[in-house]
Amino acid sequence: MQLMSKTLVVCGALACAGLVHAADIKIGVAEALTGGAAQYGVTIRNGFQLAADEINAKGGINGNKIQLVIEDEQGKKEEGINVFKKLIFQDKVLMIFGPTLSNSMFAAGPVANAAKVVVFGTSNTANGITDIGPYVFRNSVMESDVLPVTVAAATKQYKLQKVAVIYGNDDAFTKSGYDVFKKVLEEQKLPVTTTETYVKGDVDFKAQLTKIKASAPDAVICSCLAEEAANIILQARGLGIKAPFIGGNGFNSPKLFEISKLAGDGTFVGSPWANTNPAPVNKAFVAEYQKKYNAEPNQFAAQAYDALYIAAAALKDVKLSGDLNADREALKNALPKVAINGVTGPFKFRPAKTKDGKPGGWDADQKPFIYVVQGGKFALHDAK
Amino acid sequence: MMDWLPGNFSDFWSTYSTLVFSVGVHALLALSIWLTLSCGLLSLANAAFMGIGAYVSALLTLHLEWSFGTVLLAGGIAPAVVALIIGAPVLRLSGVYLAMATLAFGEVVRITVLNLEITGGPEGLNGIPLATEGWHIALLLALTVYGLARLRRSKVGRAFEAIKEDEVAARLMGVDVDRYKLLAFVLGGFIAGIAGALNAHFTFFISPREYGFENAVDILTMAVLGGTSGLVGPMLGASILTLLPELLRSLHDFRSLVNGAILVLVVLFLPKGIWEPRRIRNWLNRNKGKPA
Amino acid sequence: MLEQQLLNALTLGSVYALFALGFTLVFGVLAVINLSHGAVFMVGSYAALALVTRLEAPLWAAMLGAMLVSGTLGLLVDMLILKPLRARNAPHLIPMIATIGVGIMLTSTAQGLFGAEILRFPDGILPAGEFVVGDVHVRALEIAIVAIAFVLMAVLFAVLKRTQLGRALRAIAESPKAAWLLGINVERLFHITSFAAAALGGIAGVLIGLNFNAITPQMGQPILHKGIAAIILGGMGDIRGALFGGLFLGFAEVISKAYLSSQMGDAVAFGLLFLILLVRPSGLFGRKLERKA
């Protein structure tokens, strides 16, 4: 009773101020803010916060402010499920962004899908994510869209005859990247001299690299996360390997090449985003992020930033009725129609093809950029 | 005015059902390690046994579409068989060496799962259908507690106790030490496997990293934190360690710091675990002695 | 290729050995499996990094500072947590669980102070030299790491074998009660051991941090697993065993990656550990005598 009268008072006050229609749009953000995946989760959260602040500063969406409900899912599957349920049933958010890792998405995604709530992944590249169901969206570009183009461009540039491969075999992201590389190499008929693996947390790759060196490849293909990639490149050069690297999504970190300095020069990277992309939206994003967090943004922050703008574009066309279930459904129907030009370039969704023919979710339909590292910086590769 | 109550409750249950499920599964795991501890064995293979149970059951559900009951049973039997095979050589070890050998066994299991095709490697198995319901967990937990309570008071329980107190003396008294140790090890594996199978069928997804070193230590921590003198302790410890991170959610960035601190403080001030019947009895008696 | 691989194994093995030394020292003297040793290792890395970047200390000073910081941390853990538990005669698993809690606290504190992302030593701080003999490449840094690791281990051996302190420590390792009856100040030696072990862990952290130049709050976890494997291989509590176990593990890992398959690295390490324990139940150097803690 008391609660209700309080609500009435607040409503009254708001009505007097003429803001009766303005309400907060609650959006859940479930990312790994502690634990091993925190290094991605934290920058993803930053990307969302930056975008939300910008949108709210410009008056919100149709006058409604965005309110982010941020929760830590620790990169663990049970935590992912718990956080999703809390956001859906207790905080009653309109939609959820996250979680950080594909693993957590496989566990938590079905929860959101069953509750008919949009779940929007910004960093989940694994195959099968959008098989979960029609409420699953992602703007993270899959490796299978990026790598064929990257390998083809590098092959042409360096006239590659044979390549060596190294990847992390206990991580879903790097392993699925490797699977795609393997398929691409078979399709493009590029022989592999040796395939080497490492596990998460490894810092010493010299045993594998020594073997790669002995096999004398023309290039080294690397399905690795940025933090491992830096050490792999540096240690390769330390052992006297001169062949260029070809990397996937994980290589797309300006920091990586800042660290590896000239050692990383000549590396081919295919990715939806690079800090040096000269588009004005991207320049503004990089500058604002730097100002707000005193750190360079990375791909994860960029994709999160774009994701909120994608959701905002969809929400612009949704008339919020106040009936949560109807609004959630309306948002799900509005999202596939969105097309924006974000910091990761032109973006739209495409319906996912599922294995078993059930209605699936929505994948990113985006053309990757091919970059070559020059002088420790990403430069757009100019395909002649 | 009353109709918001059930609504609220159903929201509450929707939000926290997985958490409650996890408490039940963790309680089973803590009991599984309690069983080996009660026989004086410090075995850290339970996370691996849980993993074997989870994978076997999930694969049976996904590929052969067995009924949930048989799947659960298979999830318990598979690790029990593995325990039976490795038990004979491993259980010759004592103290920390047994702990470390079982830990190493766990790593070998994890790495094997990681490199197999059928287990999905590091990407794990996804799309496991939801089959576990609250009453499944409640019933199996109740059965386990009942079974273990009966066991404790039986001849087997007394043999465990004797081995734990003094292995040499027990042997001299004619207790077949090796057989009883093997029994505890295999039964522990069975319970952990069932817990794994239950867990796999309400989290939609399993991957090798859930059954590694940290998880083995987590299971041990639950049992020891709660107290290993009886059956209540491990279940209490499992509940606390599962619920604590959720209760501390409002602390945000300080959450794991406080989580660690609580662990240290409990250990420091309640070194025999939280549930220690003698201490609680003493405390009650002391309070009774005081005039009201 | 073989020469290069052997060299790779030597650097890896000597860092494992250095880490395992502190680990085994604590177990030998205090009879505690200190699972916060990995976190202490991580703290050593961050301490050196902070000294270098924030106070612009030279590298040698940063190394000493890191040893001091992590050593003090080890001392505090012993005084505030392990000592009260000893006084209360807690069952032997309890101190281990307390150290798990300490590890969690240290890791989250490091993340709070330094953030979750990978930090690195600034340029110019690392010795940059490189030697090329035939096809074998060696960085000056790697030589320095092996040298520092072996010098520290030699110092530790000398102290244990030749000094009054070492004799007292060995007496405690045999039996704390007997040592106490002999008039040895057991508590003081526990403190010294905790300090020294943590300092060794800390310097191992700096060396790894320098060599691979990647410092994160989670960096202690993988090496903790390897450290456990190393000291069991060698026999828990045995100093020679830790040295041997660390080196052996380094070689086993590198050789199996080089000549079997790189997927086998960890499987070989732990499979070997499992088998060795079955054949020699107290490790390769382990004594038959089991201390009941």
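Visitor: How many residues does the contact take from chain C and from chain A?
Guide: It takes 25 residues from chain C and 25 residues from chain A. Two residues are in contact if their C-beta atoms, placed from the backbone, lie within 7 Å.

Visitor: Which elements of chain C each supply at least two residues of the side that touches chain A?
Guide: Those are α1 (2–30), α4 (93–114), β2, α8 (186–212), α9 (220–234) and α10 (239–259) of chain C. The largest share, four residues, comes from α1(C). Helices (H or I, at least four residues) and strands (E, at least two) are DSSP runs, numbered from the N terminus.

Visitor: And by class, what does that side have?
Guide: The side of chain C that touches chain A has 10 nonpolar, 10 polar and five charged residues. Ala, Val, Leu, Ile, Met, Phe, Trp, Tyr, Cys and Pro count as nonpolar, Asp, Glu, Lys and Arg as charged, and the others, Gly among them, as polar.

Visitor: What kind of model is this?
Guide: It is a predicted model, where local features need pLDDT of at least 70, side-chain atom pairs count only at pLDDT 80 or more, and totals for chains, interfaces and linings use all residues. Residues are numbered from 1 along each chain as its sequence is written, while chains are lettered from A and ligands numbered from 1 in the order in which they are written.

Visitor: Back to β2 of chain C. Which strand is joined to β2?
Guide: Strand β1 (residues 130–133) of chain C is joined by four bridges to β2 (residues 136–139), and the two run antiparallel. Two strands pair if DSSP finds at least two bridges between them. C:Phe131 has C:Val138 as its bridge partner. The strands form a hairpin with two residues between them, and C:Gly134 in the turn has a positive phi of about 60 degrees.

Visitor: How do α6 and α8 of chain C pack?
Guide: α6 (residues 164–174) and α8(C) pack at an angle of about 105 degrees, with their axes 11 Å apart. Axes are lines fitted to C-alpha atoms, for helices over the stretch in contact, and angles run from 0 to 180 degrees between N-to-C directions. α6(C) and α8(C) are therefore roughly perpendicular to each other (65 to 115 degrees; under 35 is roughly parallel, over 145 roughly antiparallel, the rest oblique).

Visitor: Which residues make the contact?
Guide: C:Ala168, C:Leu169 and C:Ile172 of α6(C) meet C:Val186, C:Leu189 and C:Thr193 of α8(C). By class, five are nonpolar, one is polar and none is charged.

Visitor: New topic. How is chain B divided?
Guide: Chain B has domain 1 (19–242) and domain 2 (249–292), with bounds from an automatic or database domain assignment. The domain centres, taken over C-alpha atoms, are 26 Å apart. Their contact takes 11 residues from domain 1 of chain B and seven residues from domain 2 of chain B.

Visitor: Now chain A. What is the strand order in the open sheet?
Guide: The seven strands run β7-β6-β8-β9-β10-β14-β15 (chain A), with mixed pairing. The edge strands are β7 (192–198) and β15 (377–380), each pairing on one side only. The twist averages 25 degrees from one strand to the next.

Visitor: Which strands does helix α7 of chain A touch?
Guide: α7 (residues 206–214) packs on the sheet, touching β6 (163–168), β7 and β8 (219–223) of chain A, and its direction makes about 180 degrees with that of β7(A). Helix α8 (residues 226–238) of chain A also packs on the sheet, touching β6, β8 and β9 (245–247) of chain A.
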